[in-house]
Amino acid sequence: MRRLLAALTLCVSLLFASTLAMAQTRTPSTLDIYVIDVEGGNATLIVAPSRESLLIDTGNSGAAAARDAGRIIEATQDANLHQIDHLITTHWHGDHFGGMAELAAKVPIREFIDHGPNVQPGELADTFLQKTYPQLYANAKHAVVKPGDKISMAGLDVRVVTSAGETIKTPLPGAGMPNPYCANFKPGDNNAEDPQSVGTYVGFGKFRAVHLGDLTKNKEFELMCPNNRLGTVDVLLGLHHGVSSSNSEVMVHALHPRVAIMNNGMRKGGEPDVMKTVHSSPGLEDLWQLHFSLLSGQEYTVPGMFIANTIDDQSPTMPIAPMAAPQPGPGVPPAPVHNGKAYWIKLSARQDGSFTVTNTRNGFSKTYRARL
Ligand SMILES: [Zn+2]
Ligand SMILES: [Zn+2]
């Protein structure tokens, strides 16, 4: 009897070991999205089940470029990538293209995608576009995209929905219903480059997500009114760092996202009016954030378990009242810094539309079941 038991135990453990080995070698069947902390900039890595990859933006410029490129590299390593197949630069602001040269020095980038020329003259972007960018794509593909263009990625439906100030005119499949939020739309202010953002739709089976770069309110209106040309999504990515020149109800509420993941910084985005719009968005189950935001305070923030990053010198308390965003210009005290270990938010989506979001700082993870 004892011998029989021993043999049985051996059988079971062999079976277990081989299943485990199979599980480790099998290619993942999920679409994985890494929302990487680049301190109020953008870097969002989208990895198809085939491991074909699309990176949207490369973080901040200047002294922060090496740090942000390093953070993106960590995510590519986690995803087991040896190259970046497609890189979309949403627009020519330093918090979106800043780490590109540093990143390209560390990992091959096969295709560079953008909206075309910079329309907001500035030393940083103009010099980059004249001198650095052509060298980076010299041995790769370079594509200037228009709304309606597809980005070919095996197993995914990836489409450009906005670019260079234009929007798709034909609704995405299943979209195009009248948008009830248009009646209360209030136009907003914006700079010249944000509205040029390349906006991207990603479909995987029943799972749907959009990343609109820093697309501003007036363009949100053009894209979503009078008919909602995007339809509804499971996940809204980015939200222009959670700043209030974007994120009107015509966009956020009409998309009806189950989950929003905001690429805000410690003192950038998460302002009360955006938080009110997001918190009151119909059908929203959770907002996840890359950072605590002083501009939210305790009054408007989500619970810390949904927030991926803190700061290097942690304050013992967080004020209840939101801090007013300082006006840009000389003499503004620097925002609290976070150069230490950074954490991404990882989303894994399945064909049936279910998905799991994980905060890698605290390991908190939540699965959103497929819609019936
Ligand atoms: Zn951070
Ligand atoms: Zn930005």
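This is a predicted model: local features need pLDDT of at least 70, side-chain atom pairs count only at pLDDT 80 or more; totals for chains, interfaces and linings use all residues.
Residues are numbered from 1 along each chain as its sequence is written, chains are lettered from A and ligands numbered from 1 in the order written, and side-chain values use heavy atoms, without hydrogens and water.

**Stop one: ligand 2.** Select this zinc ion. Its protein donors are Asp95 (OD), His96 (NE2), Asp214 (OD) and His241 (NE2), 2.0 to 2.4 Å away. Donors are N, O and S atoms within 2.8 Å of the metal (3.2 Å for Na, K and Ca); water is not among the atoms, so sites may look incomplete. The angles among the four donor atoms run from 84 to 161°, and the site is irregular.

**Stop two: ligand 1.** Select the other zinc ion. Asp37 (OD), Glu39 (OE), His291 (NE2) and His338 (ND1) are its protein donors, at 1.8 to 2.0 Å. What arrangement do the four donor atoms make? It is tetrahedral, because their angles are 91 to 128°. Four donors count as tetrahedral if all angles lie between 85 and 135 degrees. Four count as square planar and six as octahedral if opposite donors are over 155 degrees apart and all others between 65 and 115; anything else is irregular.

Select Asp37. It is buried, at 1% relative accessibility. Then select His338, also buried, with a relative accessible area of 4%.

Notes. Buried means under 20% relative accessible area, exposed over 50%, partly exposed in between (1.4 Å probe, protein chains only).
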